[in-house]
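Biologist: I would like to learn how to read a structural model feature by feature. Could you take me through the one we are about to look at?

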Amino acid sequence: MKRIRQPRYARWILFHMVEKRERDFLIEDLDDEFDHLVARAGAKRARRWYRVQVIRSMGPQIGRRSSVLLNRFRSHFHKSYGWSSSVDRLKQDVKYAIRTLLKRPAFTLAAVATLAIGISANTAVFSVVNGVLFKAIPGISETEGLVQVGRTVDGRWTDMSYRIFHELRNESETLEDLAAFAFVPVSVGGTTDPTVHMGISVTGNYFELLGVQPALGRFFSPDEWFYPGVPSAAVITDRMWKERFESNPDILGTTTLVNGHSVEIIGVTRPGFNGHIGAALMDIFIPVGLDAPGVRGPSDLQNWQSGVLEFFGRTRPGVGTDEAAAELSALALAYAIDQNPAAEQFGFDVRVDTWGPIPGPVRLGVMTFSAVLMGLVGLVLTMGCINLANMILSRGVERRQEIAIRLAMGAGRARLVRQLLTESMLLVIVGGTAGVLAAKWLTDLFMAFEPPLPPGISIGLDLAIDTRVMAFSVVISVLAGLMFSLLPTLRATRPELLPALKDDPQGGSPKRSRLRQLLIGVQLGVTMFLLVVAGLFTRSLTHLEALDSGWNAEGVYVSPIDLEYGGYSREAGKEFFIDLRDRITAIAGIEEVAFAAKFPLGGRSSLGDMNVEGFDPPAGKGGFAAYFNTVSPGYFNMMDLAVLRGRDFDNFDREGTQRVAVINRTMAEHYWNGRDPIGDYFYAGPAGTGTSFEVIGVVENAKYKSLSEEPTNFYYVPQQQRYNPQMHLHVKTLAGNETAVFALIRETFREMDRGLPIPAPRPLEDALSIFSMPQRIAAWVAGIMGLVALILGAVGVYGVASFSISQRTKEIGLRIALGADRSTVISLMIKQGLAAPAIGMAVGLAAAFAAGKGLSFVIPGLQPTDPVAFLSMVTVTVLVAVLSVALPARRAASIDPMTTLKAE
């Protein structure tokens with residue numbers, strides 16, 4: 001019978017891994033037991049047992065061998081690289097670096113201040129960007145898979161109807177759920193005077209889809225609270241609960257008035273959650289379809305074409321946005337064709353975007369604008385780093401004898417590099433800390449700024465420095481430290497030993513001098529770039545403000561009035577406006593009173609295509625584009641809109657009479673071409689069948705959407721012929737008595753309807769300034785950054801020029817001693833000192849020209865080739881560069897040459 005053998009690899013392990021003095025005894029015991037086990041249980045079980053025993057026997061062996069190797073490693077590490085040794089060396093480097101920096105307080109303070117300026121600017125701007133784009137909205141716990149859903153028409157986002165929402169929610173297989181909402185300002189009243197608040201109509205699944213939990217009470221039921229079965233209830237935010245209801249613990253179950261309609265408060269959100277839009281703060285949530293005045297009613301929700309809602313949803317796991325968009329587009333188009341077969345030729349494109357704190361339609365613009373600001377402050381930090389690099393290069397020349405002696409005595413280059421980098425990192429730590437503290441102050445200053453927002457709209461940003469901002473600050477601080485210190489440090493630790501040991505003042509390396517010149521060229525290039533961009537931003541703002549707007553807002557005050565808050569009927573609303581105008585006109589101190597549905601730049605309205613008899617619409621179009629505003633008599637006179645022909649509206653232009661309109665000059669020129677349009681007609685809708693308007697006047701052009709827009713067709717219709725419950729009261733008062741007049745206006749409103757919220761009138765100029773806010777912010781930031789860059793550039797050029805000229809004092813002394821004219825020497829120093837800056841400024845100028853082309857698409861009204869901006873900023877930069885070189889050159893040339901030669 002063949003003998004069963006032990007497993008070969010287990011046997012091999014015993015012979016090669018176990019020490020000899022133990023191996024013989026171990027093998028003998030294992031072999032005996034193996035033979036017995038083969039006889040009792042069979043070969044398979046015996047082999048398995050043998051392998052297990054060998055593995056167990058290796059444990060002590062491996063432990064002993066590992067211990068020996070570890071002890072050897074520890075011994076070697078502690079001798080050469082031990083922890084205690086490394087800590088001691090680090091302590092030594094830090095102490096030496098502190099002593100060195102304290103010996104040069106001017107250099108240390110300049111370096112820390114430069115770093116603090118750059119890091120604080122970057123950290124402050126990133127704090128704003130972080131608060132706008134990246135910070136999670138408090139209370140939203142489930143963002144995975146959330147998407148924004150909207151229809152796109154010609155590349156623009158538009159809202160969709162409730163019936164489309166209902167179809168997509170029920171039929172989609174790519175979405176787990178879909179919610180709808182609409183922003184709606186509402187009046188909240190009750191026991192106190194009504195005030196305007198930002199509200200949001202939501203479907204019943206709004207809170208559940210976001211994963212939001214209530215602090216008090218409950219939210220809308222996702223199973224029951226969908227139109228039309230919605231009760232009169234509301235949820236308020238914690239902010240509104242504290243500010244308006246004074247943290248009333250018994251708030252649940254109480255009623256309040258929303259646009260005059262009684263609703264029950266059923267819940268309060270947790271602190272911090274004020275809606276799903278990051279910066280816009282909501283106050284109150286009401287269900288879509290609430291039967292209250294001023295919110296989307298049955299006629300809006302039942303019309304499948306009525307774009308009144310925005311959507312967001314959650315995709316199923318593994319479903320991408322493109323796949324979801326394709327499915328939703330197909331579903332929406334199929335539904336639209338069922339409702340109207342003609343919809344097939346127009347299509348129905350649904351867009352699905354990843355959800356974020358900033359809505360998809362404006363996200364790209366906000367991100368682009370943020371990137372521009374970050375780029376500007378990043379360049380300022382680069383400027384500071386270049387300045388510090390030049391300062392360290394100059395210090396390296398001063399310390400070349402010290403470094404040469406240490407190298408000659410056997411110090412390793414790596415040791416010196418580490419020492420010099422330790423000094424730089426100390427500067428980074430101090431400068432970075434000061435920068436973060438300054439950034440906190442800057443963000444607090446930013447939060448104190450209150451933009452001129454419409455009543456009821458509040459903006460809230462969390463700009464607190466969080467881990468993301470701290471990580472950003474640490475990263476840019478470390479990068480800044482490496483940027484300004486690494487190359488100069490490597491240069492400083494490679495001195496020419498013999499000249500350095502002799503302390504030869506001319507022993508500086510030509511390569512090091514060329515590096516300084518290169519850095520100063522880059523610095524002047526960045527300065528030129530920033531100054532020109534700042535000039536372009538400032539000029540764009542000045543250009544916009546200088547444009548002929550067509551109207552005059554000086555002395556005009558506006559206050560929005562929304563009669564839907566009070567639930568007024570059409571007839572009651574018309575009588576209210578007539579009575580109100582008469583009463584306010586009678587107030588002493590009032591010069592003029594008028595109403596307008598929209599104030600200038602407040603948007604445009606359209607009644608659809610406009611047609612004029614004798615003009616065929618463009619191919620594929622139903623007519624020409626035109627926009628309108630609803631105004632009262634006296635509006636043109638108040639706004640200084642000159643009536644070129646015909647007449648203004650009067651009290652006889654009311655409902656039941658022929659519809660009339662006043663057109664602007666552009667519309668008259670387009671369609672009447674020099675003929676008098678007075679008495680002619682145009683149509684809102686198809687020519688001959690749409691609503692006809694008789695032209696009774698022509699007024700001068702104005703700006704209606706933006707100050708930089710091209711002239712467009714525009715007309716005005718009388719308030720009494722087109723009732724609009726939402727109007728803006730315009731008043732012009734005698735200068736100096738505004739406070740008393742406004743108090744009388746408010747009292748007039750209270751006499752007419754105490755339940756109607758009427759915000760205090762504010763200057764129309766303030767209301768319009770919000771539309772130029774992006775240009776103002778860009779101009780402020782760019783201007784401040786340009787000024788800082790100019791100062792840093794001047795300091796950098798002056799420092800390098802002073803150091804370079806000081807190294808050439810012997811040469812200057814010889815030139816003057818040999819008969820050279822001092823002015824000639826100064827001119828030579830300026831010419832040589834400006835060689836690198838001139839090249840840098842030329843490159844910066846070209847970069848600014850290219851950047852202006854790109855920025856013109858981001859900043860409205862910016863002219864990329866504005867000659868004033870370019871010439872003025874180039875002149876300033878060149879003058880600063882020349883003066884920064886001329887001053888040290890003049891000082892060096894004024895030294896007595898004999899004194900210089902004797903010193904050498």
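Predicted model: local features only at pLDDT ≥ 70, side-chain atom pairs only at ≥ 80, totals over all residues.

Biologist: In which element does Ser559 lie, and is Ser559 buried or exposed?

Modeller: Elements are DSSP runs numbered from the N terminus, with helices (H or I) of at least four residues and strands (E) of at least two. Ser559 belongs to strand E14, residues 556–562. Buried means under 20% relative accessible area, exposed over 50%, and partly exposed in between, with a 1.4 Å probe and protein chains only; Ser559, at 2% relative accessibility, therefore counts as buried.

Biologist: What do the totals say about the protein chain?

Modeller: The protein chain has 27 helices and 24 strands, and 47% of its 904 residues are buried. Of the contacts in the chain with a separation of 6 or more, 79% are between residues 24 or more positions apart. Gln775 lies in helix H22, residues 773–806, and is buried with a relative accessible area of 4%.

Biologist: How should I read the packing of two helices, such as H6 and H10?

Modeller: Axes are lines fitted to C-alpha atoms, for helices over the stretch in contact, and angles run from 0 to 180 degrees between N-to-C directions. Helix H6 (residues 162–171) and helix H10 (residues 321–339) pack at about 130 degrees, with axes 10 Å apart. Angles under 35 degrees count as roughly parallel, over 145 as roughly antiparallel, 65 to 115 as roughly perpendicular and the rest as oblique, and H6 and H10 are therefore oblique to each other.

Biologist: Which residues of H6 and H10 make the contact?

Modeller: H6 contributes Arg163, Ile164, Glu167, Leu168 and Glu171, while H10 contributes Glu327, Leu328, Leu331, Ala332, Tyr335 and Gln339. By class, the contact has 6 nonpolar, 1 polar and 4 charged residues, where Ala, Val, Leu, Ile, Met, Phe, Trp, Tyr, Cys and Pro count as nonpolar, Asp, Glu, Lys and Arg as charged, and the others, Gly among them, as polar.

Biologist: How many aromatic pairs does the structure hold, and why is the pair of Tyr206 and Phe207 given its class?

Modeller: Rings of Phe, Tyr and Trp (its six-membered ring) pair if their centres lie within 6.5 Å, and planes under 30 degrees apart count as stacked, over 60 as edge-to-face and the rest as tilted. The structure holds 31 aromatic pairs. The ring centres of Tyr206 and Phe207 are 5.1 Å apart and their planes are at 90 degrees, so this pair is edge-to-face; Tyr206 and Phe207 are both buried. Tyr635 and Phe636 also form an edge-to-face pair, at 6.1 Å centre to centre and 70 degrees between the planes. Tyr635 is buried at 4% relative accessibility, and Phe636 is buried with a relative accessible area of 2%.

Key: Residues numbered from 1 in each chain as written. Heavy atoms only, no water. Contact = heavy atoms within 4.5 Å.
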